[in-house]
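Hello,

Here is the structure we talked about. Please open it next to this message. My notes follow below.

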Amino acid sequence: MTHLQAGLSPETLEKARLELNENPDTLHQDIQEVRDMVITRPDIGFLRTDDAFILRFLRARKFQHFEAFRLLAQYFEYRQQNLDMFKSFKATDPGIKQALKDGFPGGLANLDHYGRKILVLFAANWDQSRYTLVDILRAILLSLEAMIEDPELQVNGFVLIIDWSNFTFKQASKLTPSMLRLAIEGLQDSFPARFGGIHFVNQPWYIHALYTVIRPFLKEKTRKRIFLHGNNLNSLHQLIHPEILPSEFGGMLPPYDMGTWARTLLDHEYDDDSEYSVDSYNNSAKEVEKDLSPKSMKRSQSVVDPGVLKRMDKNEEENMQPLLSLD
């Protein structure tokens, strides 16, 4: 075992060997092969190429050197193409801070039975008057940056549960094509995290409509890990044991405290409620939205075609089962 594997338990070391093809005898050579590819992309500013940083990309792509490098390049390219998103990329940024305090994202204390970190989002908590969807995405990316420092999570990965209870049609109308594409590019295509499952619960019919629209933009691997449970929490419990879930998900633990993860990132600044003016918020939000131009995606007011919405059965989610299964 090299010093780069020092943070891994014996069980996770074995998992890395079997599932990710991680070999301590060739680890430094693997890292160097990825680093040597940097010169092939002079258009990208690779701000970090140290061993520990490159290793997380190798783990995310099961030590396939070219795929790991492509992810590394996309990571920095995404940041170059969306500079405004990362200008004030810290927990104390007003928009990010408010999103974090509302539980975007939340993180459960217990890992699942595969050792994965469980992230939770309660969609209806979004306060549109205080922060944008871009701020929510920034808060999620910032949180993942902090969590991925843990080598155990680099190997074991994450699970995401999104509760759509009370998420209104008006809120859903803000999920524009450009915004959804920005999120897909940032989370699926440009970040070295392994997502073992993405679970939708209590989703209304229009969220199912949204999913059918964005599904073509998802990789097959991602689609296989998305579950639409609707109101059927029993199907969720078949994959994530209720013993480690809060009561909102039919679990045996107390209700989730939305500020849990925010307190970890903000520490003593969590209770600093210094306000910023509504005008300054609106102006900054408009500037960010103005500069968003994810490739291959045109802007529109809503991702859902009205014709699609009319054809959807409003009661469909009540009978919905998980669409796909984990490998």
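**Salt bridges**

Arg116 and Asp112 form a salt bridge, with their closest N and O atoms 2.7 Å apart. Both ends are buried. Arg116 has a relative accessibility of 9%, and Asp112 has a relative accessible area of 5%. The structure holds 17 salt bridges. Please keep in mind that this is a predicted model.

Arg17 is partly exposed at 46% relative accessibility. Glu14 is partly exposed too, with a relative accessible area of 35%.

Arg35 also forms a salt bridge, with Asp51; the closest N and O atoms are 2.3 Å apart. This pair links distant parts of the chain: Arg35 is in helix 2 (residues 27-36) and Asp51 is in helix 3, 16 residues apart. Asp51 is partly exposed, at 24% relative accessible area.

**Glu19**

Glu19 is also in helix 1 (residues 10-20). Its relative accessible area is 39%, so Glu19 counts as partly exposed. Leaving out residues up to four places away in sequence, Glu19 touches Lys62 and Arg194. Glu19 and Asn156 are 137 residues apart in sequence, but their C-alpha atoms are 9.9 Å apart in space.

**Aromatic rings**

The structure holds 20 aromatic pairs. One of them is Phe53 with Tyr75: the ring centres are 5.6 Å apart and the planes lie at 70°, so the pair is edge-to-face. It links distant parts of the chain, with Phe53 in helix 3 (residues 51-60) and Tyr75 in helix 4 (residues 65-81), 22 residues apart. Phe53 is buried at 3% relative accessibility. Tyr75 is buried as well, with a relative accessible area of 7%.

Both rings belong to one aromatic cluster, which also includes Phe46, Phe57, Phe69, Phe76 and Phe191. Tyr75 has a charged neighbour too: the charged end of Arg79 sits over the Tyr75 ring, 3.8 Å from its centre.

Helix 9 (residues 177-189) is largely enclosed by the rest of the structure, because 12 of its 13 residues are buried.

His229 lies in strand 5 (residues 226-230). His229 is buried, at 0% relative accessibility. The side chains of His229 and Ser235 are joined by a polar contact of 2.6 Å.

**Confidence**

The protein averages a pLDDT of 85, and 83% of the residues score at least 70. Among the elements, helix 3 has the highest mean pLDDT (98) and helix 15 (residues 306-311) the lowest (40). Over residues 275-327 pLDDT stays under 50, although the model has 103 contacts beyond four places in sequence for that stretch. Where pLDDT is low, the predicted coordinates should not be read in detail.

Best wishes

Methods
Residues are numbered from 1 along each chain as its sequence is written. This is a predicted model: local features need pLDDT of at least 70, side-chain atom pairs count only at pLDDT 80 or more; totals for chains, interfaces and linings use all residues. Side-chain values use heavy atoms; hydrogens and water are left out. Helices (H or I, at least four residues) and strands (E, at least two) are DSSP runs, numbered from the N terminus. Buried means under 20% relative accessible area, exposed over 50%, partly exposed in between (1.4 Å probe, protein chains only). Contact means heavy atoms within 4.5 Å. Rings of Phe, Tyr and Trp (its six-membered ring) pair if their centres lie within 6.5 Å; planes under 30 degrees apart count as stacked, over 60 as edge-to-face and the rest as tilted. A charge sits over a ring if NZ of Lys or CZ of Arg is within 6 Å of the ring centre and within 35 degrees of the ring normal. A polar contact is a pair of N or O atoms within 3.5 Å; within protein, one must be able to donate a hydrogen and the other to accept it, and residues adjacent in sequence count only if both atoms are side-chain atoms. pLDDT is the predictor's confidence in each residue, from 0 to 100. A salt bridge is a side-chain nitrogen of Lys or Arg within 4 Å of a carboxyl oxygen of Asp or Glu.
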